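The structure comes first, and the notes follow.

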Amino acid sequence: MPELKAIPEIPDYCDTVFIGWSTMAPPVSAFLSTADLSGKKIVPFFSHGGGGAGHFVQDLTVLCSDSTLQDPLILTGNGGHGAAALIASWLNGVGYF
């Protein structure tokens, strides 16, 4: 993983962090490995081009072991015609809509 120039601090009043990517780039791994996310609720979202989610959830579970991991949203590409309803349903399911 690359060394990050600066790691943003997550304010104490922030109890939920949405984290999303299409590929877990090394800087994302570096951030998750070094940021203090302990006790935070992590709401992950992810898109892929058809290759599947791979080990997305397992990686996130390891990198955010002191956090509460919510059910992820996993989309193929842009999610297609039903993406808006799927995202709304997911947000509702994790308590944010």
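Two strands pair if DSSP finds at least two bridges between them. Helices (H or I, at least four residues) and strands (E, at least two) are DSSP runs, numbered from the N terminus. The model is predicted: local features need pLDDT of at least 70, side-chain atom pairs count only at pLDDT 80 or more, and totals for chains, interfaces and linings use all residues. Residues are numbered from 1 along each chain as its sequence is written, and side-chain values use heavy atoms, with hydrogens and water left out.

**Strand pairing**

- Strand β2 (residues 41-48) runs parallel to β1, and six bridges join the two.
- In that pairing, Ile19 is opposite Pro44 of β2.
- Strand β4 (residues 73-76) pairs with β2 in the parallel sense, over four bridges; here His48 faces Thr76 of β4.
- Strand β3 (residues 68-69) also pairs with β2 in the parallel sense, over two bridges, and Ile42 stands opposite Leu69 of β3.

**Burial and exposure**

- Buried means under 20% relative accessible area, exposed means over 50%, and partly exposed is in between (1.4 Å probe, protein chains only).
- Pro44 is part of strand β2 and counts as buried because its relative accessibility is 1%.
- Gly20 belongs to strand β1 and is partly exposed, since its relative accessible area is 35%.
- Glu3 is in the segment before β1; this residue counts as exposed because its relative accessibility is 79%.

**C-alpha separations**

- Gly20 and Val43 are 23 residues apart along the chain, and their C-alpha atoms are separated by 8.4 Å.
- For Pro44 and Val57, 13 residues apart along the chain, the C-alpha separation is 8.7 Å.
- Glu3 and Pro26 are 23 residues apart in sequence, with 9.5 Å from C-alpha to C-alpha.

**Surface patches**

- Patches are made of residues with over 30% relative accessible area and no salt bridge; like charges are joined within 9 Å, and nonpolar side chains (Val, Leu, Ile, Met, Phe, Trp, Tyr) within 5 Å.
- A salt bridge is a side-chain nitrogen of Lys or Arg within 4 Å of a carboxyl oxygen of Asp or Glu.
- Accessible areas come from the Shrake-Rupley method with a 1.4 Å probe; for residues, only the protein chains shown count as cover.
- Asp and Glu count as negative and Lys and Arg as positive, while His and the chain ends are not counted; the place of a charge is NZ of Lys, CZ of Arg, CG of Asp or CD of Glu.
- Glu9, Asp12, Asp36 and Asp66 form a negative surface patch.
- Of these, Glu9 lies in the segment before β1 (16-21) and counts as exposed because its relative accessibility is 75%.
- Phe18, Phe45 and Tyr96 make a nonpolar surface patch of about 260 Å².
- Tyr96 sits in the segment after α3 (83-93) and counts as partly exposed because its relative accessibility is 33%.
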